[in-house]
Amino acid sequence: YNLVFLQACESFGLVGRAVSIGPGALGKGIRGGHEVVEIWSNELGKWIYVDGNTAWYLRDRATQTPLSLRELRARQLAALQQQKVEEPELVKLATTKCKL
């Protein structure tokens, strides 16, 4: 779904990239992952994470700015180090049957 979503975005002139995310090997061999899309925003000067499979994106609650995967990863690492991190807001673009 995400590759089709990416192609649709690109057909409208949006610059995008597919990104494969997953739990990593963690010493247990290669495991499956999930492909998502980032779309480049000239207005914000950064990549914006969008999941075409689940029809959502995440944004900062305070600024209402969509987040990139890099920003989400930074928050995740901070939370793993027991730092206080504001949870991003999930923005659903459409109702889907996907249960991720």
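Strands here are DSSP runs of E with at least two residues, helices are runs of H or I with at least four, and both are numbered from the N terminus. Two strands pair if DSSP finds at least two bridges between them. In strand 2, Glu 38 stands opposite Arg 17.

I note that the model is predicted, with pLDDT of at least 70 needed for local features and 80 or more for side-chain atom pairs, while totals for chains, interfaces and linings use all residues. Residues are numbered from 1 along each chain as its sequence is written, and side-chain values use heavy atoms, without hydrogens and water.

I then took the sheet as a whole: it is open, has 3 strands in the order 1-2-3, and pairs antiparallel. Its edge strands, pairing on one side only, are strand 1 (16-21) and strand 3 (46-50).

I searched the whole structure for aromatic pairs and got 1. Trp 40 and Trp 47 form it, edge-to-face, at 5.4 Å centre to centre with 75° between the planes. The rings considered are those of Phe, Tyr and Trp (its six-membered ring); centres must lie within 6.5 Å, and planes under 30 degrees apart count as stacked, over 60 as edge-to-face and the rest as tilted.

I checked why Trp 40 counts as partly exposed: its relative accessibility is 32%, and the class lies between buried (under 20%) and exposed (over 50%), with a 1.4 Å probe and protein chains only.
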